[in-house]
Amino acid sequence: MSNTKIPLIPNEKIFFQEESTRRKPLNYADARHRQHSSGASSSSDSRRPPFLTPQKFSWLLRHSAAVAEHMDPDAFVEFEVLQQISGASKDRMLELIAQDQKGRYEIRGEEVRAVNGHSVHFCDNYEVLSGERRPEFLYHATNDKALPLIMAGALKRMGRHYIHMYDGPPQKTSVRYRILRIRPLPGHTLYRTKNGYILCREDIPAEFIEVWN
């Protein structure tokens, strides 16, 4: 691979450099405004390697259009590509993967992927659940703001490719979240990721959902 740095698209570059992506929607306009109002960085700051946070690493592998251009059909991307895009070292990425407690990442040789949660397009390769492998109930964590919208209509994918659920009540969930118990619809296709999430593309109507906690 060439040593030429692979650029993020302009809006992604501003967002990646300026924003924490943890539990926030992408808001490129706000990031651009903050960069403009803060003035130019010093020359020493511009030479300093960017610090790759867990949130930014996850965002790169799940939501970056620039990274998606280099993904294979299973969403794997070379560490070298991520180094060129982010400016962070492979050692830092391996450190973040080792610290992850939820099995979010998978390494294959010199490549890595996020195992689920993508908003960028690639060819999914998940296990399809059928027959006795389909759970009787599924569980989904949501917040108090989203809860009335779900119960008045349906649980939807929103900006992701799938609705993310569990095949049992989640054991470690923030007190801020409400747990929904869901009866899977017979006509809905369910998928299982390698780290245990159950995925569904179709909207789930409220009549198949109850508040479990």
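What is the mean pLDDT of the chain, and what percentage of its residues reach 70 or more? In this predicted model, the mean pLDDT (the predictor's confidence in each residue, from 0 to 100) is 78, and 72% of the residues reach 70 or more. Over residues 1–5 the pLDDT is below 50, and beyond near neighbours in sequence this stretch has 13 contacts (heavy atoms within 4.5 Å) in the model. Where pLDDT is low, the predicted coordinates should not be read in detail.

Residues are numbered from 1 along each chain as its sequence is written. Local features need pLDDT of at least 70, side-chain atom pairs count only at pLDDT 80 or more, totals for chains, interfaces and linings use all residues, and side-chain values use heavy atoms, with hydrogens and water left out.

Not counting residues up to four places away in sequence, L61 touches M71, V77, L82, Y105, V112, R113, A114 and H118.

Turning to the strands (DSSP runs of E, at least two residues), which pair if DSSP finds at least two bridges between them, β1 (residues 77–78) joins β3 in the antiparallel sense over two bridges, and E78 has E111 as its bridge partner in β3. Strand β2 (residues 105–108) also runs antiparallel to β3, through four bridges, with Y105 opposite A114.
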